[in-house]
Amino acid sequence: MKVDPVTLEVVMGALTYIAEEMGIALRNSAYSPNIKERMDHSCAIFDPERRLVAQAEHIPVHLGSMSYAVKMGLEHFREALGDGDMILFNDPYYSGTHLPDMTLIAPVYHEGELVAYVANKAHHSDVGGKTPGSLAGDATELFQEGIIIPPVKFVKAGEIDGELAELILSNVRTPKITMGDLRAQIAANNLGARRILELVEKYGVKRLHSAMEAVMDYSERRMRAEIGRMPEGSYEAEDYLEDTGVSDKPVKIKVKITIKGTNITFDYTGTDPQVEGPVNAPLGVTISGIYFTLICVTDPTIPINDGCYRPVSVIVPEGCLLNPRRPAPVAGGNVETSQRNVDVLLRAFAKIVPERVCAAGQGTMNNISVGGIDPETGRPWTFYETIAGGYGARLGMDGVDGIHVHMTNTMNTPIETIESYYPIRFLKYCLRRDSGGPGKWRGGCGIERSWMLLAPSATLSILAERSKIPPWGLFGGKPGAPGEYLLIKSSGEMIRLRSKCTVRMERGDILVIRTPGGGGYGNPLERDPKLVLRDVLDGLVSLDSARRDYGVVINPETMELDLEATRKLRENLSASERQMEGL
């Protein structure tokens, strides 16, 4: 059935907003600050053939892997799904991310005919395992990371399976919060199904399916047109994870992007084998990085659905870091390796479409998990958050300060919310001066955030990156500052923590987190001195950095530019750079 353009546009917009509305319902119904405040969840809609037709603007690492999860989850389940049934799973080798992300899928029926699937994925603040928050930086196998749930029928004809619920809740530290968040996921799918049936009532099943097919074909045409404008050839890039959490040895990610006509291939041959630590990335995570980056460097206005990815071929050798074999641990693959994969892809695309690529962002999610026993109730408490950093600079634009980058776009958790829920008192929360990479366009600044533990004791886990290898700049831009993680004991002793570690905290201990900045873009000596002065006045760049990195002289007493001194200093610095290049 042919669908007229007006109807097609209306249906396309309706499907997208259904996914958005699902997310609103999930957020508003959730119990945990991680979902209610940070919005660490994602929603999408699929046709009866399990093809993505619409998604909300939620978490890229969730969304890119959702197609993989729906396909694998439904294939593995095999049983019939009736009206009101929903399957739940978090097994990374089916869901495509990591154990804290629970995927819930529901079929949508109209008069006995399968119309669509609605699905969502939400990050639960604890799913068991060896440490509170289920993100241990030193895990060596999947079983240490939490309860593993294969695809199971969690909701049967509209009712939660009580035995399954009891089994799951018996394996997590905060069962009340977990159950509240699971109910929120169910509510989101119920709302999505209801809205799709409203579309069916208006347009009919055949017209709705025709519109879905037409939208996917439309996205494919637009994506192929974008790829067809890129120069044909093969382009390679590589980057490294700084360690595995178990070993200090860096781990290489290598990609070759080949463009031929309107097709594009991503080949990860040459990437290091899977490792013992938790930084292995399931195939779904790897695919999500490819999809995200491709949308970024083409046209973000293309409706995102299965059609976008039809021109894409992916080669990821089994047993490598980006396609590990069970039971490799993968908690950090979702949050950290996914970021490095994007860095590698952007480096390759910088050779293809340089005007569309930014310098490296902070390259980490700065995962902080902490938990213990509440002395008043005797029950466990668990807190999890990711912390923003600097976004890489782009052609004509500075990077963004203090923002989540690339594979996560979660929100800031207000410190007032954290203090009201948990035994934590915040001491400092500000942008980190001199952390953005110098460039003609400056990289975004990272964040400094510190808090004191008020409980008698707690277990802290950090899972992060870019504390040894800083985020790179582009086309003459300098790297952003690497991250730092410090533990100041109540005695005054300061301990520098590894970027992947699990340690014990005592009452009065202070955790200091300094997140990486984004890389700069272009020669810093070409930056407008007025912009450097603005950054100094805003507290983002120091007077020393203005002089050393940008060749800009500012009078410290009047805080005014000395343009003549700036001109001479830049001439000298440029001459020194040319001399160094000659050597």
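Tutor: What follows is a conversation about helices, strands, cores and single residues.

Tutor: This is a predicted model, in which local features need pLDDT of at least 70 and side-chain atom pairs count only at pLDDT 80 or more, while totals for chains, interfaces and linings use all residues. Residues are numbered from 1 along each chain as its sequence is written, and side-chain values use heavy atoms, with hydrogens and water left out.

Student: How do I read a helix, and what span should helix α8 have?

Tutor: Helices are DSSP runs of H or I with at least four residues, strands are runs of E with at least two, and both are numbered from the N terminus. The expected span of a helix is 1.5 Å times one less than its number of residues. The 15 residues of α8 (residues 283–297) should therefore span 21 Å, and the end C-alpha atoms of α8 are 22 Å apart, which agrees.

Student: Is α8 largely enclosed or open?

Tutor: A residue is buried under 20% relative accessible area, exposed over 50% and partly exposed in between, with a 1.4 Å probe and protein chains only. In α8, 13 of the 15 residues are buried, so the helix is largely enclosed by the rest of the structure.

Student: How does α3 cross α8?

Tutor: Axes are lines fitted to C-alpha atoms, for helices over the stretch in contact, and angles run from 0 to 180 degrees between N-to-C directions. The axes of α3 and α8 come within 7 Å and cross at roughly 115 degrees. Contact means heavy atoms within 4.5 Å, and among the residues that meet are Gly64 and Tyr68 in α3 with Gly284 and Ser288 in α8.

Student: Which residues of the largest nonpolar core touch the most other members?

Tutor: A nonpolar core is a set of buried Ala, Val, Leu, Ile, Met, Phe, Trp, Tyr and Cys residues joined through side-chain atoms within 4.5 Å. The largest one holds 63 residues, of which Ile257, Ile264, Phe266, Tyr268 and Phe349 touch the most other members. Elements giving two or more residues to this core include α3, α8, β8, β9 and β10. Leaving aside neighbours within four places in sequence, the contacts of tyrosine 268 include Ile253, Thr286, Ile290 and Leu345.

Student: How are β8, β9 and β10 joined?

Tutor: Two strands pair if DSSP finds at least two bridges between them. Here 9 bridges join β8 to β9, which run antiparallel, and tyrosine 235 stands opposite isoleucine 257 in β9. Another 5 bridges join β9 to β10, also antiparallel, and these two strands form a hairpin with 2 residues between them, where glycine 261 in the turn has a positive phi of about 65 degrees.

Student: What is the strand order in the open sheet of 4 strands?

Tutor: The order is β13-β12-β16-β19, with antiparallel pairing, and the edge strands β13 (380–385) and β19 (500–506) each pair on one side only. Strand β16 is joined to β19 by 7 bridges, and leucine 460 has valine 503 in β19 as its bridge partner. Helix α9 lies across β12, β13 and β16, running at about 50 degrees to β16.

Student: Is glutamate 577 buried or partly exposed?

Tutor: Glutamate 577 has 29% relative accessibility and therefore counts as partly exposed. Its place is in helix α13 (residues 563–582), and, leaving aside neighbours within four places in sequence, glutamate 577 is in contact with Asn523 and Leu525.
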